[in-house]
Amino acid sequence: MRRVVLSMSLFALAAAGHAQEPRHDTIYRCTDARGALTIQNGTPCPKGSRQQVQVVEAPTVIPSYVPPPAIVTEVPAPEPEPAPAAPATAVERPQAPPPAAIADADRLPPPPLYRCETWDHDSYLSEDGEPKPRCVRLQTTGLAGDPDRAGGEACEMKYDLCSRVPDGAACEGWKQRQREVESTWRYAPGADKPRLQEAFARVSKILADTTCGAGAGR
């Protein structure tokens, strides 16, 4: 196997050396009887002419330029732009009913509204002048007076004190009541929203249909 490879290598070298040998051309200089000179490449002079033969080395043939193959580089496809962020959902606002077509002379005053004060000096507006009492938990202790070892639970019934809002301030009171219900509806859990939405619609209707809404359509 080694001999075959060596022979093939020698043959390749010989062929390469032979290919590198220069090529020669034969030039014939011909002078006819009248003394006219012609030069012929590879063709002897015609009979009757004086002939001079000259062997010259043919010019080396330069191979034509072959440009290298173009390298095609795949350009990655551009990544899709991210979708624009969705705008923040605005807090839904309950819709008030449209004002009723009631003449100002036929409007009635709004229902009574009460301002109540709790046992811990907090105040609120209510449509009920006698709200139910609330049971305020009392701190209990054990037999030895230790609050961490309580023997049970106890509470004290507390009553809110309410007084009616004067007639001259009734409309402003109902507007404040509407804002309070709307604020509560806005941040209430999902289960409480329908009830508070109905309360907001009812308070808005009172403001629209009573003397509080007089002149609103002008």
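**A first look at the fold**

The protein chain contains three helices and eight strands; here helices (H or I, at least four residues) and strands (E, at least two) are DSSP runs, numbered from the N terminus. In sequence order, the pattern is α-β-β-β-β-β-β-β-β-α-α. Keep in mind that this is a predicted model, where local features need pLDDT of at least 70, side-chain atom pairs count only at pLDDT 80 or more, and totals for chains, interfaces and linings use all residues. Residues are numbered from 1 along each chain as its sequence is written, and side-chain values use heavy atoms, with hydrogens and water left out.

**Strand β1 and its partners**

- Strands count as paired if DSSP finds at least two bridges between them.
- Strand β1 (residues 24-31) runs antiparallel to strand β3 (residues 50-57), and eight bridges join them.
- Follow D25 across to β3 and you reach its bridge partner, V56.
- β1 also pairs with strand β2 (residues 37-41), in the antiparallel sense, over five bridges.
- On that side, I27 has N41 in β2 as its bridge partner.
- β1 and β2 form a hairpin with five residues between them, and G35 in the turn has a positive phi of about 90°.

**The chain as a whole**

- Of the 218 residues in the protein chain, 19% are buried (under 20% relative accessible area, with a 1.4 Å probe and protein chains only).
- Among contacts (heavy atoms within 4.5 Å) with a separation of 6 or more, 53% link residues 24 or more positions apart.
- The accessible surface is about 17,800 Å², and carbon and sulfur atoms account for 57% of that surface (Shrake-Rupley method, 1.4 Å probe).

Notes:
Buried < 20%, exposed > 50% of the residue type's maximum accessible area, 1.4 Å probe, protein only.
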